[in-house]
Amino acid sequence: MPTPHISAEKGEFAEACLLPGDPRRAQVIAEELLTEARLVTEVRGMLGFTGSYAGRPVSVMGTGMGIPSSAIYINELISDYGVERLIRVGSCGAIRDDVNLRDLVIVSGASTDSAAPRNMFGFDGFAPVPDFALTAALTGAADAASLTFHVGSVFTSDLFYGAVTPIEQLQQAGCLAVEMEAAGLFAVSARLKARAAAILTVSDQILRAEHATSQERQDSFLDMARTALEALTADAGSTA
């Protein structure tokens, strides 16, 4: 049965789902990497597709930017459509010298200035972390594809413009990059007993004011999405 934000019928989402922020990137993944992909929802222009990869059903759903938007879709995918494994595939801004444009960041934890995790659980100090097995599968898939990647923590910011946490403090805390959704994904998934992970493409090197071109973003984004799909396939095989 459709939800307020997703028009798909029950059973139209696979149990595994990729989550790009941009709905048009969801469309690109479906068209370029999935077999027999079909549009299953387009409420408010937020596109979702279901197809298959390596013979296994998989979906891809745009979430919008930031925790408030993405948490809506993550909640409904898990609670109403039975999605069990979710991988965020997004972009980030690197804040460490050795993390370069087009590198991949596989997220091992996400600090945040958002109040969302506290509001979900009713206490301060909740640590938003991904599922270990899914994260290990991402690492294995990136390594097998000979891609340049880093594994570590990120900072999930509530603000794109006007963020007040100094980069120096984030570096001291060991953060590799800044993004806007991972902590929310991990928190919602923990609350609803789903498994989640995140892999990011460096689209901006903040320290050096470097920015990937449109073509670089597109090429590296597909590398990342393919890595996530391979990770889902490997994870499904290991738990079958």
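**Cysteines**

I started with Cys17, which counts as buried because its relative accessibility is 0%. A reminder to myself before going on: this is a predicted model.

**Cores**

The largest nonpolar core has 37 residues, and Phe13, Met61 and Val105 touch the most other members. I looked up which elements build this core: at least two residues each come from strands E1 (16–19), E5 (85–94), E6 (104–112), E8 (175–179) and E9 (195–205), and also from H2 and helix H6 (182–192). H2 gives the largest share, seven residues. There is also a second, separate core with 32 residues, among them Ile29, Phe221, Ala225 and Ala228.

**A charged residue inside**

I stayed with helix H2, which covers residues 67–81 and holds Glu76. Is Glu76 buried or exposed? Glu76 is buried, and I found no salt bridge for it. The nearest side chain of opposite charge is Arg44, 9.1 Å away; a salt bridge would have to be within 4 Å. I listed what Glu76 touches, leaving out residues up to four places away in sequence: Thr3, Pro4, His5, Ile6 and Tyr81.

**Thr227**

Moving on to helix H7 (residues 214–239), I picked out Thr227. Thr227 has a relative accessible area of 3%, so I noted it as buried. Which residues does Thr227 touch, not counting those up to four places away in sequence? My list reads Leu104, Leu138, Ala141, Ala142, Leu147 and Ile199.

**Aromatic rings**

I counted the aromatic pairs next and got four in the structure. For Phe121 and Phe123, the ring centres are 6.3 Å apart and the planes sit at 55°, so I put the pair down as tilted. Phe121 is partly exposed at a relative accessible area of 27%, and Phe123 is also partly exposed, at 42% relative accessibility. Phe160 and Tyr161 have ring centres 4.8 Å apart and planes at 80°, so that pair is edge-to-face. Both Phe160 and Tyr161 are exposed. Ring pairs also join Phe121, Phe123 and Phe126 into a cluster.

**Positive phi**

Last, I looked at backbone angles. Glu36 is not a glycine, yet its phi is positive at about 50°. I placed Glu36 in strand E2, residues 35–41, and it is exposed, with a relative accessible area of 72%. Where does Ser146 lie? Ser146 is in the loop between helix H4 (132–144) and strand E7 (149–156). Its phi is also positive, near 60°, in a residue other than glycine. With a relative accessible area of 66%, Ser146 is exposed.

Terms used:
Residues numbered from 1 in each chain as written. Predicted model: local features only at pLDDT ≥ 70, side-chain atom pairs only at ≥ 80, totals over all residues. Heavy atoms only, no water. Helix = DSSP H or I, 4+ residues; strand = E, 2+ residues; numbered from the N terminus. Buried < 20%, exposed > 50% of the residue type's maximum accessible area, 1.4 Å probe, protein only. Lys, Arg positive; Asp, Glu negative; His and termini not counted. Contact = heavy atoms within 4.5 Å. Core = buried A, V, L, I, M, F, W, Y, C linked by side-chain atoms within 4.5 Å. Phe/Tyr/Trp six-rings, centres within 6.5 Å; stacked < 30°, edge-to-face > 60°.
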